[in-house]
Amino acid sequence: MEDENTATEESKRREENGNADSLLTASITKKLRSLPPLPSQCCIYRVPDTLRRVNEEAFVPRILSIGPIHHGKESLQDMEGHKWQYLKSLLHRKPGVMVENYVKAMRKLEARARGCYAESINCNSDEFVEMMLLDGCFIMELFLKNKNKQLRGEGDPIFSRTMVLTDLHRDLVLLENQLPFFVLETLYNLIENTDQECPSTPVFELTYVFFKFLGLQEVLIRDSQPDVKHLLDLLRLWFIPSSPTKSIRSKSRFELIRSVKELHEAGVKFKKGTVSCLMEIKFINGVLEIPPLTIEDTTDSLLGNLIAFEQCCNRCTPRYITDYVILMEYLINSPKDVALLSRYGIIKNLLGDNEGVSHLFKKLGKEVVFNSDKFQFSNLCYEANDYHKSRWHVWRATLRRDYFYNPWAIISFIGAVLLIFFTLIQTVCSVLALKK
């Protein structure tokens, strides 16, 4: 009897476990089916927490939300009214294109645009289409008014306030504040077809004019247009070399460059570069040539978001901006390094504090991952450090610094050498006279 009861209980347990397993299997299967496919064309990311914790302010918009990540935030609502006003002025100026045309164009791009974001978007179809239309038209109208002053109304709420325009420059290059570039191109084509007030201008050139103050290269306007993902990607392409650079790592172990002060003490000369590409740093015959860089309040945000984009996007290889910041972080190890670079015109410090510049690059390089095997400045580091290790270069630099720093010091040094020389001759003559 006991055996029968035991067998019955065991059978019930198996049945219950079987039902539980079936329920769990069904639940897992349902979750797997509900997962959206991984976006193959994603290019707009949320900034990694490791970078955000170092300097969260650099990645958060001040006044403007573009795209879905910061859409609807209470602190950014003031600019929403300006977006609608800019859309109204655009439609009023272009009566040939109805709102419906813009809506239909954005609706066709919805699925493709959603695939550009690395995370799922909590917007229904109408909300997403309206957001693309409103944000995209705002950017295009802003760029058009920036290029053509005649399009601005009297007392324009953006162009009449420098601080607002400065914040817009900053917010439009945040990684989390991007629209796919094809959305802007589609909207521009709709606008341009009926634009009789100003000649046709490619989106590339409008973007260049708006961000020209950053010291961008013009090569992409003249040459064939590359595959641009968004505004931040376009800025990156304007900052990096127009043709790939060769970075052949030396056979010895990888090492980063010495600081400006250490190199200077070893006799390295510094020269302000003449090219507009920040990456064109050269070391030739003891001269380190670095293109000029202006440091201002928004520099940390611009470089930080470019780095974040390179850290997230596998397509961004080589990681020019990341490698550039790592190089500058090691060159600028103290305020004295900043002072030396400022003396040679390489750094234009608008922060007013050399300590602030030094801290900026330390902050930018923190928690950043770079590949030493593909580091773009590995040869430069090796050559500069090799120059620094030479005792002859150190002695020559010390002689020049301590004894040849002005004409009177040179005369005094020569006088001292002559005195020693004549004293030596007199001593030799005296010894020879004694022997006779």
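User: Leaving aside neighbours within four places in sequence, which residues is Ala384 in contact with?

Analyst: The model is a predicted one. In it, Ala384 belongs to helix 16 and is buried, with a relative accessible area of 0%. Leaving aside its neighbours within four places in sequence, Ala384 is in contact with Ile257, Leu263 and Phe283.

User: How far apart in space are Ala384 and Ile257, C-alpha to C-alpha?

Analyst: Ile257 is among the contacts of Ala384. The two residues are 127 apart in sequence. From C-alpha to C-alpha, the distance in space is 6.9 Å.

User: At about what angle does helix 16 run to strand 2?

Analyst: Helix 16 covers residues 378-389 and lies across strand 2 and strand 3. Its direction relative to strand 2 is about 40°.

User: What is the strand order of the open sheet of 3 strands?

Analyst: The open sheet has mixed pairing. Its edge strands, each pairing on one side only, are strand 1 (269-272) and strand 2 (282-284). Strand 1 pairs with strand 3 in the parallel sense over 4 bridges, while strand 2 and strand 3 pair in the antiparallel sense over 3 bridges. The order is 1-3-2.

User: Which residue in strand 3 is the bridge partner of Phe283?

Analyst: Strand 3 spans residues 287-290. Within it, Val287 is the bridge partner of Ile284, and Ile290 is that of Lys272. For Phe283, the bridge partner is Leu288.

User: Which residue takes a positive phi in the hairpin of strand 2 and strand 3?

Analyst: This hairpin has 2 residues between the strands. The positive phi there is near 50° and is taken by Asn285.

User: Which residues have the most contacts inside the largest nonpolar core?

Analyst: The largest nonpolar core has 118 residues. Helix 5 (residues 125-147) supplies the largest share of this core, 13 residues. Those with the most contacts inside the core are Leu142, Ile158, Leu288 and Phe361.

User: Leaving aside neighbours within four places in sequence, what is Phe361 in contact with?

Analyst: Phe361 is one of the residues with the most contacts inside the largest nonpolar core. With neighbours within four places in sequence left aside, its contacts are Leu293, Ile295, Val325, Met328, Glu329 and Ile332.

User: Is Asp135 buried or exposed?

Analyst: Asp135 lies in helix 5. Its side chain reaches the backbone nitrogen of Gly67 at 2.9 Å. Apart from neighbours within four places in sequence, Asp135 is in contact with Ser65, Ile66, Gly67, Lys83 and Leu179. Because its relative accessible area is 2%, Asp135 is classed as buried.

User: How many of the 10 residues of helix 6 are buried?

Analyst: Helix 6 (residues 162-171) is mostly covered. Its buried residues include Val164, Asp167 and Arg170, and they pack against helix 3 (78-93), helix 5, helix 8 and helix 12 (299-312).

User: At roughly what angle do the axes of helix 7 and helix 8 cross?

Analyst: The axes of helix 7 (residues 181-192) and helix 8 (residues 203-210) come within 10 Å. Helix 7 is roughly perpendicular to helix 8. Phe181, Leu184, Glu185 and Tyr188 of helix 7 make the contact with Val203, Phe204 and Leu206 of helix 8. The crossing angle is roughly 110°.

Key. Residues are numbered from 1 along each chain as its sequence is written. This is a predicted model: local features need pLDDT of at least 70, side-chain atom pairs count only at pLDDT 80 or more; totals for chains, interfaces and linings use all residues. Side-chain values use heavy atoms; hydrogens and water are left out. A nonpolar core is a set of buried Ala, Val, Leu, Ile, Met, Phe, Trp, Tyr and Cys residues joined through side-chain atoms within 4.5 Å. Buried means under 20% relative accessible area, exposed over 50%, partly exposed in between (1.4 Å probe, protein chains only). Contact means heavy atoms within 4.5 Å. A polar contact is a pair of N or O atoms within 3.5 Å; within protein, one must be able to donate a hydrogen and the other to accept it, and residues adjacent in sequence count only if both atoms are side-chain atoms. Two strands pair if DSSP finds at least two bridges between them. Axes are lines fitted to C-alpha atoms, for helices over the stretch in contact, and angles run from 0 to 180 degrees between N-to-C directions. Angles under 35 degrees count as roughly parallel, over 145 as roughly antiparallel, 65 to 115 as roughly perpendicular and the rest as oblique.
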